[in-house]
Amino acid sequence: MESSLVKDNPLLLPLNKEKTIYDGFITVQERDFRLRILLPPDRQVKQARLHCCWQLKHLLHGYEHIVKQRQQQSPDLVTFILELKTVLEVGLKSRHECRSIPPPQYYAQLISEMETLGWGKLLFIDTEFRTLRLKAEDSSRRQHILNIKLKSKHPVEAPECSADLPVPLAITWTPQSTLEQLHSQFLLLLESLTEFWDVLDEIDSKTWILEPEKPSRSDTMRRIAIGNNTSIKVEVDPRHPKMLPECCLLGAEHVVTPLRNKLNANMHLWNPDSSVLHNLRDVLEIEFPSPATHEKSSFSVECGICYSYRLEDAIPDQVCNDPRCGQPFHQACLYEWLRALPSSRQSFNIVFGECPYCSKPITVKMAAQKS
Ligand SMILES: [Zn+2]
Ligand SMILES: [Zn+2]
């Protein structure tokens with residue numbers, strides 16, 4: 001022990017034969033700090049008394065309780081001095097980066113706020129105690145996560161918050177605010193969205209969703225399979241989820257036109273007290289294929305040009321209008337294919353050509369950049 005104490009701290013030497021008094025310097029980040037340690041006759045570190053130079057005192061200010069704790073836990077002087085140097089390094093660092101490393105009271109504040117909120121709501125906290133993830137359950141028992149990034153001046157400065165929501169996460173924060181209040185605000189916001197998620201959960205569980213591939217809680221759009229190469233894209237308003245959503249029918253003209261006519265003719269029947277799925281069924285006069293009645297593979301027909309289903313997130317949404325063909329293609333694939341043929345003709349951003357499968361006329365718009 002003695003040898004490593006001298007090796008680690010060549011400037012800190014025992015002043016007596018009993019080795020109960022040490023005096024000299026410890027070096028941290030190329031800086032020397034004067035230190036005197038008085039040990040009891042049994043040389044127990046726990047009972048040791050420290051005399052620090054003013055620079056050392058200044059650096060350890062606010063960390064005294066940590067030093068005390070380390071002193072109680074260290075089995076010997078070597079360990080304790082090593083621990084002391086680690087604390088000093090943190091102290092030096094925080095003086096350099098006082099804006100990014102929080103003061104010691106930050107942690108005490110955080111712990112007391114978490115105690116009020118309940119530790120059971122904490123899903124994750126990073127090693128620097130700056131990024132937190134809190135869980136929240138809405139009244140329909142859906143699980144949500146609130147991501148919080150605390151500022152070093154917490155709670156004076158408002159934390160940055162984010163969550164998987166279809167609306168902006170607006171948080172009111174004052175210097176007196178706490179994590180518990182933040183969590184309550186989040187719960188209120190979740191409650192205001194339960195109807196929206198109820199509408200979408202029903203669609204997701206009772207129909208085949210072609211897009212998005214894995215809907216998140218913030219996704220307001222659903223592309224629902226109607227039949228072979230036919231689908232409807234609905235955009236649900238998170239604030240008015242039961243109103244008639246924006247609808248767009250996709251597929252071959254001979255299938256889509258009658259559906260579009262029904263939608264226009266029956267629109268007035270839309271009942272805002274009923275669910276969106278229910279209303280869509282009534283207005284379009286169809287039954288949606290569901291996981292209970294159909295396999296998803298019957299709707300995910302691959303592109304006739306690249307033979308895949310997903311192409312950089314796009315699905316084959318261009319369909320040959322010939323009723324006997326009905327082959328689907330990716331917009332980008334069909335556009336490239338037709339443009340390469342000398343028989344095709346382009347007018348503005350539309351290319352006119354022939355279906356690669358049945359040679360009937362087919363048109364495609366220039367593929368837009370995916371936003
Ligand atoms: Zn393709
Ligand atoms: Zn065709």
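Leu134 stands opposite Leu146 in β7. I begin with that pair, colleagues, as an entry point into a model that is predicted.

The two strands concerned are β6, residues 131-137, and β7, residues 143-149; they run antiparallel and are joined by seven bridges. Between the strands of this hairpin there are five residues, and Arg141 adopts a positive phi near 65°. On to the next neighbour: β7 is also joined to β8, residues 160-163, by four bridges, again in the antiparallel sense. Within that pairing, Ile148 has Cys161 in β8 as its bridge partner.

Let me now turn to the sheet further along the chain. In which order do its strands lie? The order is β9-β10-β11-β12, four strands in an open sheet with antiparallel pairing. The edges are taken by β9 (209-211) and β12 (246-250); each has a single partner strand, so one side of each is left without a neighbour in the sheet. On average, neighbouring strands here are turned by 30° against each other, with direction ignored.

Glu211 finds its bridge partner, Arg223, in β10. A helix also belongs to this picture: α8, residues 253-266, lies across β10, β11 (230-235) and β12, and runs at about 155° to β12.

Next, an annotated region. For residues 303-359, an unreviewed UniProt entry lists "domain: RING-type". In the model, that stretch is 16% helix and 21% strand. Its end C-alpha atoms are 16 Å apart.

Finally, the chain as a whole. Its secondary structure comprises 10 helices and 17 strands. Why do we describe the chain as more spread out than a compact globule? Its radius of gyration is 34 Å, whereas the globule rule gives 21 Å for 371 residues; the value is well over the rule, and the chain is therefore more spread out than a compact globule. The box filled by the C-alpha atoms, taken along the principal axes, is roughly 105 × 50 × 35 Å.

Two further figures complete the description. Of the 371 residues, 24% are buried. As for contacts between residues at least 6 apart in sequence, 44% join residues at least 24 apart.

Notes. Residues numbered from 1 in each chain as written. Chains lettered and ligands numbered in written order. Predicted model: local features only at pLDDT ≥ 70, side-chain atom pairs only at ≥ 80, totals over all residues. UniProt positions renumbered as here; feature names shortened; annotations may be inferred. Pairing = 2+ DSSP bridges. Axes fitted to C-alpha atoms, helices over the stretch in contact; angles between N-to-C directions. Contact = placed C-beta atoms within 7 Å. Rg over C-alpha atoms; globule rule 2.2 N^0.38 Å. Buried ≥ 20, exposed ≤ 12 C-beta atoms within 10 Å, placed from the backbone.
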